[in-house]
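Here is a short walk through a model, from its overall layout down to one strand. Keep the structure open as you read.

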Amino acid sequence: MSLVGTVKSETTKQFSTSTWWILAIVLVVYVASTAAALGFFFAASSTGALPGDAPQLPGDTLPPLLYSLATAMGYVFPLLIGTLMVTTEIRHQTLTPTFLATPQRSRVLGAKLIVGAGLGVLYGIVGIASSVGPSAAMLALQGVETQLGDTDTWAMLGRMIVAFVLWVFIGIAVGALVRNQIVAVVGVLVFTQFIEPIARTLVTFIEGAADVVRFLPGAASDALVGASLFNAEALTGGGGGNPLEWWAGGLVLLAVAAVLLVLAYLFSWRRDVA
Amino acid sequence: MPDGQTLEFSGLTKRFGPLTAVDRFTARVEPGLVTGFLGPNGAGKTTTMRMLLGLVRATDGSATVGGTPYAQLRHPLQSVGAALEASSFHPGRSAAAHLTALAQASDVPIRRVDETLALVGLSDAAGRKVGGYSLGMRQRLGLAAALLGDPGVLVLDEPTNGLDPEGIRWMRDLLRALAREGRTVFVSSHLLSEVQQTVDSLLVIARGRLVFQGTIDELVDPTEYATVVDAPDRAGLTAALTAAGVSAEVLRAGLRVDAADPADIGRIAASAGIALSLLQRQGPSLEQVFLQLADGTRVHASAFGGESAAGAESAPPVEPTQEGDAR
């Protein structure tokens, strides 16, 4: 009986169903196609190749914008991975054998966080490859500097991995709190794909709302990464407000994860398994 | 193999809001025996088992394995193997992967995965997704999970559900063999007939309370049995019985002697030289006794719930039925 064994067990569970590779494929297709399309148009725009009076984007802002698509758009994937780590166990009643083998429930949750961190790194690398690969190719093809030699770029990619890990943690907490798999998945999709993007867009028109909205997890995540389509002043005319410092964004995301995890442990994880 | 441990329930109580699912349940389950845990659906069997296994938190009282609460066992799967319901599997995961994850979590050697799958006859299906399994196969997989750590205690909730007759016989033989090895085997059912031939000892629970604890033989009080006897020479038989000091009640089909052993009555008749046309033991069927225990019309002294045994004094209305064959 040890944490090592519980971590091994959680890893086996994670990779013995098809969820992990299906989500990875969807992540790659979603992020890579968007990165390729946006990469093509942004690069064309910055070189003035687009017909008509299309605004000319400054080429040096493009690589961070495109590369950060993996988090700006793709953060729903680590969030879903984390959520499913818990809700599938509840849905298929496998919490019973899990807790029979490891009655120390905090250890099971700890093992899920450790495995979740590994998954965050894994999906982070997959997501970054999907955003950087196609968009850098598009930039390079049209002669725009890819900035792949800059340490700033690589530091940003590193922060994206951190964001992925934190999103898995938030997902685990959300899964444990919501419990019902369908409600949790739909809730995650609605929040990440509609509510927060709309809130962050509308904020442009409301005085002072930016100070609140920048603490939303998606905005904090973008702040941690340091670049995002949503914060791009070139595109929205300064719409995203002024984001938090990257470290402050990271701390906000970490705090969200920590608070949700504590609530999940107290009010859900210790409940009767019937 | 770890030794069988005694399971001890002491004042175990579970309330869900206003509903008391398990009410001051106190009992012991001994090693080396198959102990049946019987009760109608909704009587509290599953909740009791889940409290024993630390899955459901008791409102009051305790349940221990060899004196230790389940959650504090050093090696839970090596001490207690449990199969609770046949649905605790991810349908998209193979049986082998399911057991591997359990083995890793509890430091059970991985080779046990193949061993237990072979033991329950699932070797050929080990790599298939559980979603394609029949109910009987899931029961077997549940049993494999229970046996994974080679535990001294087995806790099985309705393990024969969904098994075909051959599977039921296989399960019975296995449970008996496990108990013979000295393990504690605690198995629930809502059908007496299902466990009747398997169990050495019986706990009956109804409406959350223990209503009987003992062996099957103790289920029916010997005084509840009667002997029905008849002879072509009924007058001679009556005289012989009266001479032997046995009082008989005249029925349409013979004479009914309360609380008598058919062998005694036969001996009385034989020594009087009377040929019998009927000699039969009558008593309540076990199933009837079980149903009466379950609905509260019968109260057994073994369930020492004296403080709350309402209506315990009223004699149970026992309808005689044929039990056993004519001797």
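**From domains to a buried strand**

In this predicted model, the C-alpha centres of domain 1 and domain 2 of chain B are 46 Å apart. Domain 1 of chain B covers residues 7-219, and domain 2 covers 222-283.

Next, the contact between the chains. Chain B contributes 31 residues and chain A contributes 24 residues. On the side of chain B that touches chain A, two elements give two or more residues each: α2 (76-79) and α3 (95-105) of chain B. The largest share comes from α3(B), with six residues. By class, this side of chain B holds 16 nonpolar, 10 polar and five charged residues.

Now turn to strand β6 of chain B, residues 153-157. Why is β6(B) largely enclosed by the rest of the structure? Five of its five residues are buried, so the rest of the structure largely encloses the strand. For the burial call, a residue needs 20 or more other C-beta atoms within 10 Å of its own. Val153(B), Val155(B) and Asp157(B) point one way from β6(B). Leu154(B) and Leu156(B) point the other way, and they too are buried.

Look at the neighbours of β6(B). Strand β5 (residues 80-83) of chain B pairs with β6(B) in the parallel sense, over four bridges. Here Leu156(B) in β6(B) stands opposite Ala83(B). Strand β7 (residues 184-189) of chain B also runs parallel to β6(B), joined to β6(B) by five bridges. Phe186(B) in β7(B) is the bridge partner of Val155(B).

Finally, follow the chain through helix α6 (residues 165-180) of chain B. Together, β6(B), α6(B) and β7(B) form a right-handed β-α-β unit.

Note on methods:
Residues numbered from 1 in each chain as written. Chains lettered and ligands numbered in written order. Predicted model: local features only at pLDDT ≥ 70, side-chain atom pairs only at ≥ 80, totals over all residues. Domains from an automatic or database assignment. Contact = placed C-beta atoms within 7 Å. Nonpolar A, V, L, I, M, F, W, Y, C, P; charged D, E, K, R; others polar. Buried ≥ 20, exposed ≤ 12 C-beta atoms within 10 Å, placed from the backbone. Pairing = 2+ DSSP bridges. Right-handed = clockwise from strand over helix to strand, strands pointing away.
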